[in-house]
Structure formats: C-alpha cells, structure tokens
Amino acid sequence: MAAPSHRRSLRKRRVLAVSAAFVAAAAGAGVLVANASAGAVDLYHQTLAAKDGWASSGTGTTGGSKADAAHTFTVSTRAELVKALGSASDTTPRIIKVKGTIDANTDDSGKKLTCADYASGTGYSLPAYLKAFDPATYGRSKLPSGAQETARVAAQNKQAKNVVLKVPANTTIVGVPGSGAGLTGAMLQIQGVDNVIVRNLTFAATEDCFPQWDPTDGDDGNWNSNYDAVTLRGATHVWADHNTFTDAPHFDSANPKYFGREYQIHDGALDITKSSDLVTVSRNQFTSHDKTMLIGSSDSEPAGKLRVSLHHNVWKGIVQRAPLARVGQVHIYNNMYDVTPLNGYAVQYSINSRAKAQVVAENNYWKVPSSVKVAKLLSGDGTGAVKDSGNLVNGTATDLVAAYNAASSKDLRTTVDWTPTLTAGLTPATNLPTELATTTGAGVLS
Ligand code: CA
Ligand code: CA
C-alpha cells in the first residue's frame with residue numbers, strides 16, 4: 001500500500017514544480033516578447049497581439065497557431081520545407097519550424113544548384129543575350145523577343161521552380177531560436193491567401209540568375225530581376241516580425257554593367273503588392289539592399305487596400321523604397337532609419353508616397369550623416385500624402401515634409417484621410433536607436 005501513496009505524492013510534487021516553472025516562464029516571456037498575445041504561449045504558437053497594426057484588424061492574424069501535431073513540422077532542407085508547405089490551396093493550419101539555414105538553390109537531394117545548372121539545356125548564355133539585344137543593333141523601342149529571350153525565360157523558370165516557395169493560408173513559419181534559421185536565395189510567395197506569420201528568419205542572397213533587359217524602363221533602360229525575399233500578392237492578414245533581410249554576401253557594388261546599366265540581380269526585400277491588405281511588419285532589420293519594399297506595384301492599384309503598418313523596424317544601408325507606398329493607408333511609426341552609406345549602398349530616399357498614398361510617419365528616428373540632405377529623406381509624385389509628427393533627425397525634432405517640399409516641385413500633401421488607431425507600442429522616438437539595436441531582426445527571439 002505504501003508504493004501507490006508514494007507515487008501520488010511524488011507526482012503532486014512534480015506538478016507543483018512544473019506549475020512554478022510555468023508561472024516563472026510566463027512572467028519572463030510577458031516582459032521579453034511584447035508582441036505576443038499571451039506570455040505563456042511558445043514562440044511557434046504566438047499570434048499577433050490586439051491593436052498591433054493593420055494585421056490585427058478584423059479576424060486578426062493567428063497564422064498556424066491552431067495546427068495539430070500532424071501539421072507541425074521541423075525542416076532543415078529545401079525538400080523538407082517544400083513538403084511542409086504542402087499545397088498552396090490547403091488551408092489546414094500549419095506550423096513550420098525552420099532549423100538552420102535552408103539554401104533554396106539546391107535540388108531535392110540537397111545538391112547545390114548554380115546559375116549554369118539552370119541555364120543548362122535552355123540554350124541561354126549571357127554573351128549571346130547581350131549580342132542579341134544590344135541597343136546599337138536591337139534598338140530601344142521594344143522589350144527583348146526572340147530565341148535568346150525565350151531561352152532566358154526557360155532558364156529563369158527552371159530557377160523559379162526551385163527558389164519560389166508558395167505559402168498556404170493559416171501558416172506560421174518561424175526560425176528555431178539559436179539555430180541561425182533562415183532562407184538563402186529564396187522567394188517566399190504569399191499569394192491570394194489569408195493569415196500568415198513569418199518570424200525569426202534571416203532572408204539572404206535572393207538573386208535572379210537571369211535578369212531581363214528592358215530598354216523601355218526609364219530613360220536608359222534597366223536590368224530587372226524577378227525575386228523578392230518575401231513577396232505578398234493579394235495576401236491579407238500577414239505579420240512579418242523579427243526577420244533580417246540582406247543582400248549579403250553579394251552586394252550591388254559587385255554587379256557589372258551592361259549597356260551602361262547595372263546588371264541588377266536583386267528585386268524587393270519584402271514587397272506588398274496586388275491589393276494585399278492588412279499587413280503588420282514589425283521589428284525586422286532591412287539592410288544592404290536597394291529596392292527594399294513596395295507597397296503597391298502600380299499607380300493604378302485599386303483604392304481601399306494596401307493598408308500596412310510598419311513599426312519598430314531598422315532600415316540600415318537602404319538605397320530606396322523604405323517603403324515606396326502607393327494608394328493605401330500606411331502607418332510608419334517608431335522605425336529607425338540609418339542612412340549612413342553601408343557596403344556601397346547609398347540612400348536615394350527613405351519613404352516615397354505616390355499614387356494618392358495616405359502615409360502617417362510618426363515618431364521615427366533618422367540617423368543622417370552630414371553628406372545626406374534631410375530634404376532627400378522623402379519622395380513623392382505630387383499626389384501622395386505624408387502626415388509627419390514626432391520624427392527625429394540625429395535626435396532633433398524635424399519636419400521632414402516641410403524640408404522635402406521646400407526643395408521639391410512635386411510637393412507631398414500634408415493631410416491624410418484617416419487616423420491610425422492600431423498603434424501598439426507607440427512611444428516617442430528618443431530611445432529608438434538604443435532600444436531597436438537589441439530587439440530587432442532574426443535571432444533575438446527565444
Ligand atoms: Ca518585386
Ligand atoms: Ca515645393
């Protein structure tokens with residue numbers, strides 16, 4: 001009779017010990033993870049907190065938090081990730097834990113694939129392409145067409161099959177803490193789906209092996225690439241949090257020029273386009289990149305969508321589009337912009353408001369070297385609005401819109417048609433350089 005009683009008391013002591021640990025962990029998590037809706041929930045099951053930006057509106061953003069065991073995956077290879085993502089039309093909640101770095105330019109057996117591997121068998125070669133579409137002989141009036149363009153598209157499609165990873169609805173993708181989690185060379189495509197969470201991942205080296213020459217783009221033509229590290233197209237309720245985006249290790253300064261134009265192998269870091277809506281982008285680091293974030297890909301995107309909140313992000317060594325906003329109601333608060341040139345990336349502007357975008361830029365901090373004019377930090381087409389308040393430049397309160405409008409003929413409008421209410425964590429800008437240095441990007445969540 002003694003044995004069962006002993007077991008019972010032992011079990012009781014264990015339960016008490018677990019409860020105490022649980023309470024301690026919950027209390028700690030509540031302090032460390034300000035964005036989590038409940039302190040006791042582990043990283044993989046966390047959901048976007050109430051009032052935390054546009055993605056918290058309506059049904060909110062819960063990602064795959066309701067996933068069952070059969071739809072909870074830990075992945076370390078591209079093939080495992082593809083399998084975990086499943087079908088883009090399957091709405092079953094799923095949690096995907098990324099452990100370590102996954103290189104998208106690998107085959108199903110994990111073998112590294114190069115640009116030459118993708119070109120193989122298509123007939124594409126860069127020298128042949130350059131010969132075929134040299135403006136001296138091909139002219140500048142039309143897009144490339146012909147055998148070498150067909151071959152380029154075929155090669156590009158082969159790479160796309162590997163690097164484009166389609167995310168279904170009701171999914172959480174999160175890096176395993178301490179594993180250096182991330183995706184290299186990938187484009188995470190969140191298209192036509194609702195309710196996705198992407199956290200704690202480093203997105204690096206998203207590169208197009210086969211940029212297209214477009215002689216009609218701008219005055220001098222441009223080389224354009226196909227892949228953003230993360231791309232939202234017609235997506236709703238998306239929370240991108242605590243990720244790091246970088247071009248490293250290949251910086252644009254190493255790009256050659258053809259036809260007098262930079263052979264650009266990068267496109268966006270995180271593009272939010274084609275009537276995407278209700279998006280919160282928080283505590284990410286965007287660094288060493290040119291065309292960083294589109295909100296809207298065309299001036300003719302319909303009104304009523306493209307509502308995005310960007311808060312507590314660090315933008316460091318960014319050339320432009322931080323973001324380029326079109327059409328939508330966009331709240332940019334408590335971000336840190338360090339526009340000191342970095343790795344050859346020199347700022348053109350930080351925020352562009354065009355196509356009647358309604359931007360509220362509030363309590364952000366710009367670190368600006370003497371080589372950069374404050375009037376250059378904004379940009380616009382004369383129809384976009386930026387309502388700015390509480391912004392600091394090197395610690396000093398600064399009216400960025402007034403500075404821009406004084407120097408530009410395409411003035412920004414200064415009033416907007418909305419007032420942000422989903423403003424979790426909004427504070428004055430003073431302490432952002434210190435606070436955001438240790439609380440943003442991949443690798444700080446536990
Ligand atoms: Ca893009
Ligand atoms: Ca002016």
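**Domains, ring pairs and a buried asparagine**

The protein chain is assigned domain 1 (1-41) and domain 2 (70-437); such bounds come from an automatic or database domain assignment. The C-alpha centres of domain 1 and domain 2 lie 42 Å apart. This is a predicted model, where local features need pLDDT of at least 70, side-chain atom pairs count only at pLDDT 80 or more, and totals for chains, interfaces and linings use all residues. Residues are numbered from 1 along each chain as its sequence is written, and side-chain values use heavy atoms, without hydrogens and water.

Now the rings. The structure holds 18 aromatic pairs. Rings of Phe, Tyr and Trp (its six-membered ring) pair if their centres lie within 6.5 Å; planes under 30 degrees apart count as stacked, over 60 as edge-to-face and the rest as tilted. F245 and F286 are stacked, 4.8 Å centre to centre with 10 degrees between the planes. This pair links distant parts of the chain: F245 is in strand β14 (residues 244-246) and F286 in strand β19 (residues 285-291), 41 residues apart. Strands are DSSP runs (E, at least two residues), numbered from the N terminus.

F245 is buried at 3% relative accessibility, and F286 is buried at 1%. Buried means under 20% relative accessible area (1.4 Å probe, protein chains only).

Y337 and W366 are also stacked, at 4.4 Å and 5 degrees. Y337 lies in strand β25 and W366 in strand β28, so the pair ties together parts 29 residues apart in sequence. Both Y337 and W366 are buried.

Last, N195. This residue is found in strand β8 (residues 194-199). N195 is buried, with a relative accessible area of 7%.

Notes: Chains are lettered from A and ligands numbered from 1 in the order in which they are written. Helices (H or I, at least four residues) and strands (E, at least two) are DSSP runs, numbered from the N terminus. Buried means under 20% relative accessible area, exposed over 50%, partly exposed in between (1.4 Å probe, protein chains only).
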